[in-house]
Amino acid sequence: MKASRRDILKAGVLAGGGLSLGLQFAGGAKASVPGALSAFVIIDPTGSIRITAHQPEIGQGVRTSFPMMIAEELDVDWAQVTVVPAPGNRQVYGVQLAGGSSATPTQFERMRRLGAGARAMLVQAAANAWGVPASEITTGSAMLHHKASGRSARYADMAEAAASIAPPKPESLTLKDPAQFRILGQRIGGVDNRALVTGKPLFGIDTRLPGMVYAAFAKSPVFGGKLKSANRAAALAVPGVKGLINVAERRDLKTQIDVGLPGIEVLPEGIAVLATSTWAALKGRDALAAVWEGGDAAFQSTTAWEAAAAKAFKDGPQKPGYMNHGNAPAKMATATKKVTADYSYPFLAHAALEPINATAHVTGDKAELWLSTQTPEDARRMVALALGLKVENVTIHLMRSGGGFGRRLMNDFAVEAAVIAKAAGVPVKLQWDRAQDFAHDWLRPGGWHKLEAGLDEKGDIIAWHDHFVSFGADGALNPTAVIDGSLFPSGVIKDFRADVTVLPIASTLGWLRAPINNAFAFVTQGFIDDCAIAAGRDPLEYRRAVLGTPRAIPIAEEFSGETGEAMKGTPYNTGRMRGVLDKAAEMAGWGRKLPPRRGLGIAFHFSHLGYFANVVEASVAGDGSVKVHHVWVAADIGKHIVNLSGAENQVQGSVIDALGAALGQKITFADGAVEQKNYGDFHLARMDMAPAVDVAFLSTDYPTTGLGEPAYPSLAPALAGAIYQATGKRLRTLPLDTSQLTA
């Protein structure tokens, strides 16, 4: 039989106990869908095995990898499985979040226990039917076997009976020995791959509903700007335009994402244009020729901020001693040699290829949305708040995202669509254009660093001082721009001090792939190269010396399994980092002779519980243009790789993503507004830029961790190191200014 998503949801909330960690089982009550063993596993009489994928899919592969975990312990063949996307509902599925590379570390054991629990219920149903001990029953390929009596049965034959059995206690479940894995660790193609390459509708932007109209939303390019004038008659005269809706500003919509990011979602003042197509809506919006004035962010200027940073470096920090480990000033005074360098990096936009969009239908006291979002529960809560509804009356259809990178953690677009749809009285599909995407993004903040290191007589670093300038409000750094004890070199360099100056900003800031780390790794790894050069030592050997004796340093992060919240305390293991550093160097043939104007660079970084080292081989042409030929990546993410194909894709994607940012991405402000309008101003990596990327995973006896982000941070500093080896020129500003590299 066929089951709708609504049926699956019902099956998941039936009474009757359930496993801890939010495991939702249907045992103890009559299932609304025969064979629904839980909200995650449905086996119908035909033998169809449907496994629910509950996490948002933004390209990181969870729609494949999570069902793989369940299927492995359920003891079925992957070819027997059909994957069903879940709606957004935390009460049924637990935390639904795409962010922080947290999916695997928080859910690996939970998903396996879901599969093992469903298998145990099937085994018990067979034991009851055959009158034999459950311990004598074996399973495999969705079959149950009792060797002594010669009996066998399909899972499908026992599923309905199993659905009424009380689920087992978590502690009673025995998970597979990894040596018995038949699915996990293999190369499994993405469950959406065929639909992706044949253009099937999967994404939020693909949504089509009966009676739907299309909307474009005119709003100030300056955060908080007010509408001064608009030519409504001209907009209404555009063919296909059906009407205009005035939208009032709202500033009471707080975002409370599962990972705890504070901030304010603002529904800006504006005019929504309703039309028969997206193109007509955008043309009607342009015909408004809206004029805006004022705004909280009118003061914002890249030129002014750069001057303010330079003044802070000259006058001294606002917050001296913001971080202190040991006594860096005293140690610096004993240094044989001092090294100084200035580093900086810009604001970055997320620039996901699927434009920001949302489709909403509001009827009475209920709202239904089709979203590409990384935080469906936050979207439900915000839409409910904006419309004055109960959260349970907001339904989120969780669509695949055509890129997220942190942008779709925020749900401002969902609120806009819902408010417009309520006023329109019909289903509304809202779509932003690329200029709006840049202008209203939650940007990765820029920053400036003035660094000083003290070296001893051997050239080793004995003290490290950083004056860090970045953005925030009321003298406090924005959470997306913090410097804290979880970041290298804190803990590794014993005597470390960071001073801070905070520049004001009114525009929204947010997380971008490998947040904070994506900028800090460029600075810290680049400065290690500066110190190695000053010491006259090889960059690889110098990094080994910096890491020192293998040891655990309690500076890192871990994620709790149920809430997904970050917690401090997991040790930074210098031995694990040394392992990936040596492996990457070995893969690349570190130290080999290269042709003129060609070099190798190396860097390492720890983030999101993963240890990564990159080696980049690049050449620099006479005109200064840079070509990256090859990247070698060594990774330590613990004991298990869930899906080898997906794991390699994540690392390779991170490298190419980071390469585009390093060579061509920068967001600037003038008169309060973002200056970049489209990809012509903000260059993503093109196909001809993509290098060969070799990946090696070290299997270590540690818990399995995530992969979506930690390969990103060390690419840029490794590239800068390769450029130095090729040209003798150190580049310390992102994006890398290749005009300085002409022969």
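Predicted model: local features only at pLDDT ≥ 70, side-chain atom pairs only at ≥ 80, totals over all residues.

Entry on a helix pair. I looked up how helix α4 (residues 103-130) packs against helix α5 (residues 155-162), and found an angle of about 95 degrees with the axes 8 Å apart. Angles of 65 to 115 degrees count as roughly perpendicular, so α4 is roughly perpendicular to α5. On the α4 side I listed the residues that make the contact, among them Arg119, Met121, Leu122 and Trp130. On the α5 side the list includes Tyr155 and Met158. I then sorted the contact of α4 with α5 by class: 11 residues are nonpolar, none is polar and one is charged.

Entry on the sheet. I traced an open sheet of seven strands, in the order β9-β12-β7-β19-β16-β17-β18, and its pairing is mixed. Which are the edge strands? They are β9 (241-247) and β18 (394-398), each of which pairs on one side only. From one strand to the next, the twist averages 25 degrees.

Entry on one strand pair. Strands β16 (residues 357-363) and β19 (residues 428-431) run antiparallel and are joined by four bridges. I looked up Thr359 and found that its bridge partner in β19 is Lys429.

Entry on helices across the strands. Helix α11 (residues 376-387) lies across β16, β17 (366-371) and β18, and I noted that α11 runs at about 145 degrees to β18. Helix α12 (residues 412-424) lies across several strands, including β7 (213-219), β12 (270-275) and β19, and runs at about 40 degrees to β16.

Terms used: Residues numbered from 1 in each chain as written. Heavy atoms only, no water. Axes fitted to C-alpha atoms, helices over the stretch in contact; angles between N-to-C directions. Helix = DSSP H or I, 4+ residues; strand = E, 2+ residues; numbered from the N terminus. Parallel < 35°, antiparallel > 145°, perpendicular 65-115°, else oblique. Contact = heavy atoms within 4.5 Å. Nonpolar A, V, L, I, M, F, W, Y, C, P; charged D, E, K, R; others polar. Pairing = 2+ DSSP bridges.
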